[in-house]
Amino acid sequence: MQLPELLQPLARAMVAVEKLFETSGQPGIIIGGIAVCLSAEPRNTVDVDASILLAGSSEPAILAAARTVGMEPRITDAEKFARTKNLFLLTHVETGRDIDLSLAILPFEEDAIRTCHRVDLGDFEVHLPTVEHLTVMKAVAARPDDLADIRRVLRANPGLEHFTFACSV
């Protein structure tokens with residue numbers, strides 16, 4: 001698969017996120033708008049959303065690994081924020097792109113990471129959740145853009161509407 005043109009400005013930040021997974025020794029996935037673009041249909045997005053497994057690691061270790069791959073926190077006391085919100089708000093220094101890195105601690109999140117698949121984008125690969133996991137993530141967030149993303153995923157993945165209906169019951 002070729003990286004959609006809409007995502008070209010995020011490519012180097014996406015590579016940095018994948019390097020973070022490798023450097024930290026913690027598996028992870030790219031989620032959010034990028035996952036929708038690569039699993040369904042292209043749509044505009046301006047940041048990189050990702051989730052990283054926290055089991056066996058710590059917030060300071062994840063932040064240290066993020067720094068080694070060119071990311072810096074967007075807020076002061078990022079570790080404290082991550083401990084309370086399970087989220088690092090980062091910036092990819094080279095490109096200035098925001099990276100929202102959620103810390104996967106729930107069984108659902110761990111399963112989404114463990115069952116992910118790799119997508120070859122030519123110059124690099126990314127780890128993405130299954131379309132079922134992506135749909136549930138979007139349904140839980142339930143913002144207008146998330147609901148529109150669910151419709152995109154359903155259009156691109158015939159048969160998934162049965163899964164989505166079963167989740168809503």
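Predicted model: local features only at pLDDT ≥ 70, side-chain atom pairs only at ≥ 80, totals over all residues.
## A walk through the sheet and its helices

Leaving aside its neighbours within four places in sequence, threonine 45 is in contact with Leu7, Leu10, Gly33 and Ile34. Where does threonine 45 lie? The residue is found in the loop between helix H2 (32-39) and strand S2. With a relative accessibility of 10%, threonine 45 counts as buried.

From that loop, on to the sheet. What is the strand order? The sheet is open, has 5 strands and runs S1-S2-S5-S4-S3, with mixed pairing. Strands S1 (28-31) and S3 (71-73) sit at the edges with a single partner strand each, so one side of each has no neighbour in the sheet. From one strand to the next, the twist averages 30 degrees.

How many residues of S2 are buried? The count is 6 of the 6, so the strand is largely enclosed by the rest of the structure. In a regular strand, side chains alternate between the two faces of the sheet. In S2, Val48, Ala50 and Ile52 point one way, while Asp49, Ser51 and Leu53 point the other way, and all are buried. That puts Asp49 and Ser51 on the list of buried residues along with Leu53.

Now for the helices. Helix H1 (residues 11-24) and helix H3 (residues 59-68) have axes that come within 9 Å and cross at roughly 130 degrees. Angles over 145 degrees would count as roughly antiparallel and 65 to 115 as roughly perpendicular, and H1 and H3 are therefore oblique to each other. Their crossing is right-handed. Which residues meet there? From H1 come Leu20, Thr23 and Ser24, and from H3 come Ile62, Ala65, Ala66 and Thr68.

Helix H6 (residues 131-141) has Val131, His133, Leu134, Thr135 and Lys138 as its buried residues. An α-helix has 3.6 residues a turn, so residues three or four places apart point the same way. Just after H6, alanine 142 takes a positive phi of about 55 degrees.

Last, the cysteines. How many disulfides are there? The count comes to 0 disulfides. The sulfur of cysteine 37 is 18 Å from the closest cysteine sulfur, that of cysteine 116, which is too far for a bond, given that a disulfide calls for sulfur atoms within 2.5 Å. Cysteine 116 is likewise in no disulfide. Is cysteine 37 buried or exposed? At 4% relative accessibility, cysteine 37 counts as buried, whereas cysteine 116, at 23%, counts as partly exposed.

Notes. Residues numbered from 1 in each chain as written. Heavy atoms only, no water. Pairing = 2+ DSSP bridges. Helix = DSSP H or I, 4+ residues; strand = E, 2+ residues; numbered from the N terminus. Axes fitted to C-alpha atoms, helices over the stretch in contact; angles between N-to-C directions. Buried < 20%, exposed > 50% of the residue type's maximum accessible area, 1.4 Å probe, protein only. Parallel < 35°, antiparallel > 145°, perpendicular 65-115°, else oblique. Left-handed = near helix turned anticlockwise from the far one by under 90°. Contact = heavy atoms within 4.5 Å.
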